[in-house]
Amino acid sequence: MSHREYSSDTFRIIGKPRVRIDALSKVTGQTLFADDISLPRMLHCKLLRSSLPHALIETVDVSRASAHPGVQLVLTGEDFPVEYGILPVSQDERPLCRDKVRFVGDPVAAVIACDEQTACEALSLIDVSYQPLPTIATVAEALQATEAPLQNYAEEHNIHRRLAYSFGDVDEALAQADHVFEDTFLYEGNTHMAMEQHASVAATDPDGRVTLWSSTQCPHYVHRALAKALEMPAAHIRVIACPNGGGFGGKTDPFNHEIVVTKASMLLGRPVKICLTRQEVFYCHRGRHQVTMKFRTGVNNDGKLTGMHLQTLLDGGAYGSYGIASTFYTTALQPVTYQLPRYSWEACRVFTNKPPSGPKRGHGTPQPRFGQEVQLDKIAEKLQIDPAKLRLGMIAPANSLTCNFLKVGTIGLAECIDRVVSRSGWKDKHKKLPRGRGVGLACGAYMSGAGTAIYWNKMPHSGVQIKLDRSGAVTVYCGATDVGQGSDDVLVSLVTEVLGIETIDVKCVTGDTDLTPVDLGSYSSRVTLMMGNAAIEAAERARDLIASAVAEKLEIAVDHIGFAERLVFDVEDPNRNMTFQQAVICAEEKHGTMATTGSYAPPKSAARFPGGGVGPSPTYSYTAAVAEVEVDEASGVVEVTRIYIAHDIGRSLNPVQVEGQVIGGVYMGVGEALMEESGSRRLPPKLSDALVHDNPSMLEYKTLTMHDMPEVCVDIIENPDPNGPFGAKEVGQGPLLPIMPAIANAIFDAVGVRVDEVPITPVKVLKALEMQAAGHDARVGPKAFPNIEWPQAMFVLPPWEGGDGKASNRPERKRAAKMHTMDKVKGASEQT
Amino acid sequence: MSGSKKVQLHLNVNNEDMHVLVESSKTLLEVLREDLTLTGTKHGCELGECGACTVLKDGKPVLSCLLLALECEDAQIETIEGLADKDQLHPLQLAFAQHGGLQCGYCTPGMLMTAKALLENEARPTRAQIREALSGNLCRCTGYQQVIESVEEAAITIEETENSAAGVKS
């Protein structure tokens, strides 16, 4: 083995502020995004989308469109007999709808023509005859009996799925608590609005193989969907993920347009391109689910939680998408942020005739995080405990199991809280600022990668190959996809660090299913950790091969070989060295052609109950934030003047990028808190009464501009996690989580009203202020959680009550365990 | 086939004279990207909402998606491809690269062109002036803070370079 001590003192690349490897290409406009690709003989595709929210398709007559000059091909649902979908349990999509449309925007037909203009003209020549069905516009409607459910696999009515779990006897925990707080919240849906519109180009070679270039976060899943939907061997399909112009979860589903252009290219033998309009992107959605939530939380006078019961109701829109996972995520991670001795939850996702909801930054967790953090603020207020102190008292010990059997590694939350409290001057501001100004605090935690793949398999989640040769060049291959977060930079920097060379010496090839080993994709904040660990393994194997050859050549003990400054040397006598290129030549002489691999699979989950696969992660990041706001009581406008945020990242690989991710998360959080909302409305009955997107443009869908963005004060907490590459944890999603509740809590501190809804619009603030002025309970938010018939909860005994991670519905065991367990819980919480 | 009439157009793009036969209905954005293969200029909405397609027309930032190409006859157009002077990057490009002014890079060309116009009119803009000038350029990745810092850094670099050049002359 070669010399392999790493520490922040010896890192040459890691942890140093550095220009990311793709920066110069991006500032010169040379980065090729999917729509920048143009191929000889390329044709253009446009999709005809349903104008009705729910209808049976009776006939689709394409004869006039097919005859339109310049049109090469018209496709309909009849051309696509096979269904697909991201999750194995919800294969409910078709590239083009066959029998039924389920939302305004569902694609019905495709025209492939010489140019976009011609294709658009031909769309208007397609005659579709629909038989309208009743529209399901809200979650309330979806819960009711219907004769025409959107999906035939719905559990009942338009209920996609109901889930119920109980980790210990929560009723007892609440009954024994000094106080029980009951609160309902509403978090409206919102969308990613990545700057780049989705685009794809497909090209077929004469041998019958096909290549798809696409703005996708998950080329591997697109690859699988193409193979299934087109009924052809995956080995004959190549998917290349272009650099994404932002993703945020919006490009993680395989999309109908990707399958359509691939099929069209194969039928025509010519390249076919599609670029969605911005309006189409809004209708593709897959964004944040609207979630209604109810929390019942038991608290003792000392501020310790005894247990929590959480109910969530998700508006899933028209299709499954990642919805089952999203549903689990509205509940699964609550015990990661704070210790919960007992926890039960029920969650329900319904179908409505709206664009499908899916994963957006934080995937299912920002909604319950908002609810819990606002409820904690109410608890702190009632119990007269400082909100920061309250939270500090409920942080779980590092390397512990949660009540739902998630293995938590390093926890830097206490340090995060301390940092934002001191930096913001919290103690001098909270409850002490003049009316109209306030501060609020909130926290969060997020996964560093989902511990379970989308489809069940025992293979690596990320694979990396490294090729080296006598030129001294190093090429690293990985299926990971740079969506702007800088994953290519992470990949190159890790390999560079291990091999002691410079980033310019390392080329990376990523997101190409022909050339790169599988990486599952850019979602769940998994790439840095999983790809990173695989990259380090591959690079260390390459280093060991080189070290053994150099040790032999220079007659140095192999564990004395060091790598730095493009030299391979004796660490005892650095003058005994050779260049990296000479060293690779030695290695090629000794070992033959040089290539190494690394792979990463997450540790086995401790949860052994069905459904326990959602939530486990190799490690979790932690974040705390303090928001400072000014509330204009005349207009209800909330101005966020500053955000103080501290993020526990384990190790910061490139501080410039890490800070950018944190600020970017804050930005999106402030937008969600105050304005971002994917609404829907009915067109006037005189038109069609159709349920349409309320704001499908960048002008109508409000986001922060540079004018609105508050100053962000960032602190990075570094406490390397043994499961992370050089100790790194995620940063792409966690920093968003505390922002919305911190702002809501700051508004309460400023003017004493509670808006238990997101977004907190001026209208809602004004309404709450009016209620306050009238002497009423100054709260705007849902009054109740809908009645839902829940299934029998799956019962799992928490680890400290003797649970082994398996489900048990035996009440006698539950009762027997009860008596002695409460003492154990108290003991466990006292230890913290 | 689309029946739009084709018209001869003369543009000066990044100091190169270009004669191109374009459909009269095409926007400047389409002509730049499709006819002149200058794909560095991006589009996020094609409705004048996002700023991604910003280029300079006769030194002023314009949304190329809202401008008919024919309105640009004989105009001087500057795009991201012309921002660097051969292999010498513009100080704005260097500053964005060094200070995290970009992540996915999709809004970056428009952001850089708008910033260039700002710095040519206002050598040392205040934060408020930067926010004002760039508020029409949306970005979903960065949260803008490092973009603002990048523009400030570039302004300092440009001023220092000019001062030292002036010093050499005197």
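1. A quick word on terms before the helix pairs: axes here are lines fitted to C-alpha atoms, for helices over the stretch in contact, and angles run from 0 to 180 degrees between N-to-C directions. Keep in mind too that this is a predicted model.

2. With that in hand, look at chain B, where helix α3 (residues 108-121) and helix α4 (residues 127-134) have axes that come within 10 Å and cross at roughly 130°. α3(B) and α4(B) are therefore oblique to each other, and α3(B) passes α4(B) in a right-handed crossing.

3. Who makes that contact? On the α3(B) side you'll find B:Met111, B:Thr114, B:Ala115 and B:Leu118, and on the α4(B) side B:Gln129, B:Ile130, B:Ala133 and B:Leu134. Sorted by class, the contact of α3(B) with α4(B) has six nonpolar residues, two polar ones and no charged ones.

4. Over in chain A, have a look at helix α15 (residues 487-499) against helix α16 (residues 527-554): they pack at an angle of about 30°, and their axes are 9 Å apart. Angles under 35 degrees count as roughly parallel, and that makes α15(A) roughly parallel to α16(A). The crossing of α15(A) and α16(A) is right-handed.

5. The residue list for this chain A pair runs as follows. α15(A) brings A:Ser487, A:Val490, A:Leu491, A:Leu494, A:Val495, A:Val498 and A:Leu499; these meet A:Val527, A:Thr528, A:Met531, A:Gly532, A:Ala535, A:Ile536, A:Ala539, A:Glu540, A:Ala542 and A:Arg543 in α16(A). By class, the contact of α15(A) with α16(A) splits into twelve nonpolar, three polar and two charged residues.

6. Now the interface. Chain A puts 59 residues into the contact and chain B puts in 47. Between them the two chains bury about 4,200 Å², with 58% of it on carbon and sulfur atoms.

7. On to charges. Side chains of opposite charge can pair when their charged atoms come close. A search of the whole structure turns up 65 salt bridges over all chains, and the count between chain B and chain A is four.

8. One salt bridge links A:Asp36 to B:Arg33, with the closest N and O atoms 2.8 Å apart. A:Asp36 also forms a salt bridge with B:Lys42, where the closest N and O atoms are 2.4 Å apart. B:Lys42 sits in the loop between α1 (28-35) and β3 (54-57) of chain B, while A:Asp36 sits in the loop between α1 (23-27) and β1 (43-49) of chain A, so the pair joins two chains.

Notes. Residues are numbered from 1 along each chain as its sequence is written. Chains are lettered from A and ligands numbered from 1 in the order in which they are written. This is a predicted model: local features need pLDDT of at least 70, side-chain atom pairs count only at pLDDT 80 or more; totals for chains, interfaces and linings use all residues. Side-chain values use heavy atoms; hydrogens and water are left out. Helices (H or I, at least four residues) and strands (E, at least two) are DSSP runs, numbered from the N terminus. Angles under 35 degrees count as roughly parallel, over 145 as roughly antiparallel, 65 to 115 as roughly perpendicular and the rest as oblique. A crossing is left-handed if the near helix is turned anticlockwise from the far one by less than a right angle, and right-handed if clockwise. Contact means heavy atoms within 4.5 Å. Ala, Val, Leu, Ile, Met, Phe, Trp, Tyr, Cys and Pro count as nonpolar, Asp, Glu, Lys and Arg as charged, and the others, Gly among them, as polar. Buried area is the accessible area (1.4 Å probe) that two parts lose on being put together, summed over both. A salt bridge is a side-chain nitrogen of Lys or Arg within 4 Å of a carboxyl oxygen of Asp or Glu.
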